Amino acid sequence: MTATLWLLIGAGTVLLVLAGVVETAAGAVARTSAPRAEKLVDDGVRGAEVLLRLVTELPRTLAVLALLATLLRTVYVVVVVVIVAELVGAMAGMVAGAVLA
């Protein structure tokens, strides 16, 4: 296996992990209520203002996160297809070489 193939495998793994992180974040934001986010802001928790803004615009937030997760999974599938094409192409070359020999 070539270095390019290993690079593609690594990129695919990173894309899959990122998609999982985005989907987990969407679930966490969806389960957070506005009053809870307001309490966090009042308590001075770092990042609570951003959370409150995300929860206040929940449909938009979830739509953006779903789009991002779908994009990451789509690119992951493309990377997997390229990996399979590389492997099948290498095997086809070996089979052709064996048949012609």
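## R73 and E23

R73 is partly exposed, at 35% relative accessibility (buried means under 20% relative accessible area, exposed over 50%, and partly exposed in between, with a 1.4 Å probe and protein chains only). E23 falls in the partly exposed class as well, because its relative accessibility is 38%. This is a predicted model, in which local features need pLDDT of at least 70 and side-chain atom pairs count only at pLDDT 80 or more, while totals for chains, interfaces and linings use all residues. Residues are numbered from 1 along each chain as its sequence is written, and side-chain values use heavy atoms, with hydrogens and water left out.

The side chains of R73 and E23 form a salt bridge, with an N to O distance of 2.0 Å (a side-chain nitrogen of Lys or Arg within 4 Å of a carboxyl oxygen of Asp or Glu). This pair joins distant parts of the chain, 50 residues apart: R73 belongs to helix α4 (residues 58-100) and E23 to helix α1 (residues 3-30). Helices (H or I, at least four residues) and strands (E, at least two) are DSSP runs, numbered from the N terminus.

## The other salt bridges

The structure has three salt bridges. One of them pairs the side chains of K39 and D43, at 3.0 Å from N to O. K39 has 45% relative accessibility and so counts as partly exposed; D43, with a relative accessible area of 48%, is partly exposed.

Another is formed by R60 with E57, whose closest N and O atoms are 3.5 Å apart. R60 counts as exposed, at 59% relative accessibility, whereas E57 is partly exposed, with a relative accessible area of 36%.

## T61 in helix α4

T61 is a residue of helix α4. Its relative accessibility is 10%, so T61 counts as buried. A polar atom of the T61 side chain lies 3.0 Å from the backbone oxygen of L54.

Apart from neighbours within four places in sequence, T61 is in contact (heavy atoms within 4.5 Å) with V29 and L54.

## T32 in the loop between α1 and α2

T32 is placed in the loop between α1 and α2 (34-42). From a polar atom of the T32 side chain to the backbone oxygen of A28 the distance is 2.8 Å. With neighbours within four places in sequence set aside, T32 is in contact with L51 and V55.

Key:
A polar contact is a pair of N or O atoms within 3.5 Å; within protein, one must be able to donate a hydrogen and the other to accept it, and residues adjacent in sequence count only if both atoms are side-chain atoms.
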